[in-house]
Amino acid sequence: MKLSSSACSIARIPSLFASLCRPICSTSLSLSPSSLKPTTPLFLRPPTFSTSLSELNKWHHWAKNLASSVGSSFVHLDNGPDSTLLCRELRWLLEDSLEDHSLISQLGSQNYHMDVRLRASLDELYVLWRQRIEERRPFQYIVGCEHWRDLVLSVQEGVLIPRPETELIVDLVKDVVLDSRELKEGLWADLGTGSGAIAIGIGRILWSQGRVIATDLSPVAVAVATYNVLRYDLKDMIEVRKGSWFEPLKDVEGKLAGVVSNPPYIPSDDISRLQAEVGQHEPRLALDGGVSGMDDLLHLSNGAVSMLKPGGFFVFETNGEKQCQFLVDYMENNNPGKFCNVNIVSDFAGIQRFVTGFINDKCH
Ligand SMILES: C[S@@+](CC[C@H](N)C(=O)[O-])C[C@H]1O[C@@H](n2cnc3c(N)ncnc32)[C@H](O)[C@@H]1O
């Protein structure tokens, strides 16, 4: 994962628990007229604003003081960011805002009258940084993007910021398609696609005949995923559909080579205790998995039986060990003999995170 250049890194992502930077002009997108127009990430906006180095310096000084005033108060409050991380974010915000990154090293110099080209007005930068510190608005929503695997994905309010642990889903798919031409050239579904992260990751590893359908109930997610698919030039390979889970996939019932999903899995009562950046700003629709957090996982595992073809592969992300174990037991008891090679896979932090498996060839 890229740590610098435009924005975002692993440290920029508030965990739920604890480039390709190909510019595309938003006017060139072929989103349907009824869809929402996604916000262009800051680093892709034209540098149409100007200020003097001295004014930028003043803003930077103010912003740094505001970040420093936080100390470790957010850490104690809800495991939020400390001032060291906020100062790092401030540098990333500068990088995304400035046309000429080399000016960062000149902040504080005597070159006061020098003209500086910006992608947002200085007034907007004051507002954005206040929102970051005082409202705990997630940094990724401030800059409008997140780095995820080798992608830079557009994100905005209404769409979950993709997390690093979810990257592993693409690797798990990569492992199974390596061995199987049928899976490599097959039809895949990413359910609850959000920014389109997993669908795009999979789209880039399938062979040219392979296809992905990405679904989401949220109209904002559908618009943002479509934008990201277009940015990565994958519109012939990835189709984004709006609707609830398998409902928009009736035409491909029994034909899917793979189903992947990172559904909402946080127990409803835990949401108020999440870090402010997550609980107060990310969409509840993306987080809330019902009383036990299992509502959507159980629904998806049931649906996978009829949606996947024999030998089809699935990966579901969960909240951790308890949900993984519950899901595996549920699958065995509720659909005996339908699944095979069901496995629990840990994430990079060693937490049991994913349930993977295949549809039994003999059960259809
Ligand atoms: C945890 S987020 C995952 C987003 C994205 N796949 C990722 O990993 O970054 C869950 C997603 O499921 C979507 N979702 C919630 N309920 C849904 C439903 N009934 N049908 C389809 N999508 C749904 C949310 O809008 C959200 O985008």
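The legends below describe close-up views of a predicted model.

**View 1. Helix α4, residues 122-134, and its length.** Helix α4 has 13 residues. From its first C-alpha to its last, α4 reaches 18 Å, close to the 18 Å expected at 1.5 Å a residue. Arg136 follows α4 and has a positive phi, near 60°.

**View 2. The buried and exposed sides of α4.** Leu125, Trp129 and Arg132 are the buried residues of this helix. Seen down the axis of α4, these buried residues fall within an arc of 55°, so they line one face of the helix. Asp123, Val127 and Glu134 are exposed on the other side of α4. The packing partners of the buried residues of α4 are α1 (53-70), α3 (83-97) and α5 (139-143).

**View 3. Strand β5 and its pairing with β6.** Strand β5 spans residues 187-191, and four of its five residues are buried, so β5 is largely enclosed by the rest of the structure. β5 and β6 run parallel and are joined by five bridges.

**View 4. The shell around the ligand.** There are 21 residues around the ligand, of which Pro162, Gly192, Gly194, Asn262 and Ala286 come nearest. At least two residues of the shell are supplied by each of α8 (197-203), β6 (211-216) and α11 (284-287). By residue type, the shell holds 11 nonpolar residues, nine polar and one charged.

Note on methods
Residues are numbered from 1 along each chain as its sequence is written. This is a predicted model: local features need pLDDT of at least 70, side-chain atom pairs count only at pLDDT 80 or more; totals for chains, interfaces and linings use all residues. The expected span of a helix is 1.5 Å times one less than its number of residues. A residue is buried if 20 or more other C-beta atoms lie within 10 Å of its own, exposed if 12 or fewer, and partly exposed in between; C-beta atoms are placed from the backbone. The arc is that of the directions from the helix axis to the C-beta atoms. Two residues are in contact if their C-beta atoms, placed from the backbone, lie within 7 Å. A residue is near a molecule or strand if its C-beta atom, placed from the backbone, lies within 6 Å of it. Ala, Val, Leu, Ile, Met, Phe, Trp, Tyr, Cys and Pro count as nonpolar, Asp, Glu, Lys and Arg as charged, and the others, Gly among them, as polar. Two strands pair if DSSP finds at least two bridges between them.
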